[in-house]
Amino acid sequence: MKSDRVRTGRYFMMGNEACAEGALAAGCEFSAGYPITPATEIANRLAERLPGVGGAFLQMEDEIASIGVIIGASWAGKKVMTVTSGPGISLMSEMIGFAVGVETPCVIVNVQRGAPTTGMPTVGVQGDMVQARHGSQGDYEIIALCPSSPQDMFDHTVTAFNYAERYRTPVFILSDAFVGHMREEVVIPAAEKIETTYRKVPPEGTDPRTIRGFLDEDVAPMPIFGRGFKAHVTSSCHDETGKRNLIDVSSLDMFVRRLSNKILKHKEEITIVERDYAGADVVLVSYGAVARAAQAAANLARDAGLAAGTLRLVTAWPFPDQEIERMAAEAKHVIVLENNLGQMYPYIKAAAAPFASVSFLPPRLIGRIHDPEDILATIREALR
Amino acid sequence: MSQVVHPLHKFFRPSVSSTTNCAGCGNGIVTQSILRAIDELRMDMDAFVFVSGIGCAAWIPSPLFNADVLHSIHGRPIPLALGLKVALPGKKVMVVSGDGDLTAIGGNHLIHAARRNVEMTVICVNNKIYGMTGGQAGPTTPAGVRTTTTPFGAFENTFDISRLVIGAGASFVACWTTVHARQLTQSIKKAINKKGFAFIEVQSQCPVQFGRKSGMSGSVQMMEDYRARSIRVEKAAGLSEEERAKKIVVGELVDVEKPEMIEEIERMKARAAGRQQ
């Protein structure tokens, strides 16, 4: 039977559905979640689609169990994903740290909604950007991608799976209710045109005592379960073989640094941005749904003869500071646009401030995307 | 002179040379019962996946057992075990953890796994206290016991763990104490081969924390108390709730057949594939 994983074609599709299709195209075999607005359509679609390709979606008793069950399946060698919104991420936080600590490939989709707390579920905000970065205890690095359109929801879900597998780490998709519920054209390429990757694993029959399955800055082969590797997996401080060490502080130092360096060392290849700022005096920096308003405003400004450009961050974490520096060195004014009170702004400002003036522009109302005319007025002011 | 090697030593991870258990801890008896059961079934450690949470009992398989072992975070071994079982249906999945891990912080996962009747063995070592953190009260600590968080005596009602899991729908439930090592071993063998959620509560002595706090002199006295208070389930039927509360009802409490979740997932997949053809 021909696999029904990749439904190649042109569609008018909701962002959340495109996300589910992206997961299938990337090779997702197992998913779990708990119902929550505005992410539910992804779970619904996966529940409908995964069994037909030999996979399964499980609705768990809560979000903690949802991420727990996918981490378990990942250790059994499956490509996995969970989908939720901010309240679910809050519940998952400890498990996300566990997944980082034992280097588990998994994709976590956060379709962000009006927050804090139960907030306003059907409204998109970008309020969980720093939560994704720092939600679990301790020093660690995370990868997070920010889609701006239903097409991105497909494309970057595939990217997220590839990053999760390549770097053996949780990868966030930080969408929001606007992008998740938006319907636009989505093109699903032919299966052979979609690049997918799978984690490194030790060769079959490797002597378990020789396996160094953890804490390699260039990503250790994953001693997945069920193959006789006799893996000892603990999130407590451990060495390259997985052996626990709760006494020697130099062991903790290695645990912390190597986990972080595994991501930071590969920052350049993880970073995805869209640069459109050649010759611009004013550069609008944004991500996610807001990047659409930024692009519209830049077009208006150019039509009016103003030297405006954009830098869109697809990769929010690890923070692409070199991209910000490169942009700021060419610009006079940097305007940061976010649908929140300024979550990425301090990071962007820290990188850009040595080169250009930096300001922050929130939308008039948190939860409503910026009016391009408002952005245009700010560009004019910056150039005055 | 030939070296004497314990017959269960073959199951130990080669890099492990010591135990973290306190002297007199019941963990050693539970460890032997698990490994004897595997040995008597003539099974290989590679047939198993072990998962544990946080607490003294969680250190039974981790790092000691020479198998795939996932030592997870507090309260969450069961969701991880479920994910492993879904992805590796041919492997035997065993969770070993304590009463605090499985019934307090992880209680929700325990009852839902029992309801789902997903095939796995869960061994709950019930020492009625938080041992690793220095003797705090839990949902199993009897009323009146002075712990570090109940200095004037525990004042909450307790869980009867086995009855909780029976009520949630498990298809196999047994309860023993560390004086019942042989019976425990036989029940673990049945649990390993059970097509369904198999739960075994083992009441186990913690002389260092629970023993001191409940006025017991040590593990021998605690085990004698287990022996004195244990009553076989067949003989417990006529007891009033009041009489029952003073006893430990031991034996195989439930052993029934009912739909098992992994098999139901496979049926669901077949329905999905059929519908699409």
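Predicted model: local features only at pLDDT ≥ 70, side-chain atom pairs only at ≥ 80, totals over all residues.
Helices, of at least four residues, and strands, of at least two, are DSSP runs numbered from the N terminus. Pro63(B) sits in the loop that joins strand E1 (48-52) to E2 of chain B. The peptide bond leading from Ser62(B) into Pro63(B) is cis, and its omega is near 5 degrees.

**Chain B as a whole**

Chain B holds 11 helices and eight strands. Its radius of gyration is 19 Å, close to the 19 Å that the globule rule gives for 277 residues, so chain B is as compact as a globular protein of that length. When the view is turned along the principal axes, the C-alpha trace of chain B spans about 70 × 60 × 35 Å. Of its 277 residues, 51% count as buried. Among the contacts in chain B with a separation of 6 or more, 68% come from residues 24 or more positions apart.

Now select Arg42 of chain B. Arg42(B) is found in the loop between helix H1 (27-40) and E1 of chain B. The phi angle of Arg42(B) is near 55 degrees, which is a positive value in a residue other than glycine. Is Arg42(B) buried or exposed? Arg42(B) has 6 other C-beta atoms within 10 Å, and a residue counts as exposed with 12 or fewer, so Arg42(B) is exposed.

**Where the two chains meet**

Display both chains and select the residues at their contact. Chain B contributes 35 residues to the contact and chain A contributes 37 residues. On the side of chain B that touches chain A, the elements giving two or more residues are strand E2 (68-71), helix H2 (77-87), helix H4 (107-116) and helix H11 (261-276) of chain B. Which element gives the most to this side of chain B? The answer is H2(B), with eight residues. Coloured by class, the side of chain B that touches chain A shows 19 nonpolar, 10 polar and six charged residues.

E9(A) and E2(B) pair in the parallel sense, over three bridges. Within this pairing, select His232(A): Val69(B), in E2(B), stands opposite His232(A).

**Chain A as a whole**

Taken along the principal axes, the C-alpha atoms of chain A fill a box of roughly 70 × 50 × 40 Å. Of the 384 residues of chain A, 58% count as buried. Of the contacts in chain A between residues at least 6 apart in sequence, 77% join residues at least 24 apart.

Colour chain A by confidence. The average pLDDT of chain A is 97, and 99% of the residues score at least 70. Confidence in chain A is highest in strand E6 (residues 143-145), at 99, and lowest in helix H13 (residues 372-383), at a mean of 97.

**The two domains of chain A**

Colour residues 9-193 of chain A, which form domain 1, separately from residues 274-383, which form domain 2. The C-alpha centres of these two domains of chain A are 26 Å apart. Where they meet, 24 residues of domain 1 of chain A are in contact with 20 residues of domain 2 of chain A. On the domain 1 side, helix H5 (129-134), E6, strand E7 (170-176) and helix H7 (177-181) of chain A each supply at least two residues. H5(A) gives the most to this side of domain 1, with four residues. By class, the side of domain 1 of chain A that touches domain 2 of chain A comprises 15 nonpolar, six polar and three charged residues.

**Two loops of chain A**

Select Pro116 of chain A. Pro116(A) lies in the loop between strand E5 (106-112) and H5 of chain A. The peptide bond from Ala115(A) to Pro116(A) is cis, with omega near 15 degrees.

Finally, select Arg168 of chain A. Arg168(A) belongs to the loop between helix H6 (150-167) and E7 of chain A. Phi of Arg168(A) is near 50 degrees, a positive value in a residue other than glycine. Why does Arg168(A) count as buried? A residue is buried if 20 or more other C-beta atoms lie within 10 Å of its own, and Arg168(A) has 25 C-beta neighbours inside 10 Å.

Note on methods. Residues numbered from 1 in each chain as written. Chains lettered and ligands numbered in written order. Contact = placed C-beta atoms within 7 Å. Nonpolar A, V, L, I, M, F, W, Y, C, P; charged D, E, K, R; others polar. Pairing = 2+ DSSP bridges. pLDDT = per-residue confidence, 0-100. Domains from an automatic or database assignment. Rg over C-alpha atoms; globule rule 2.2 N^0.38 Å.
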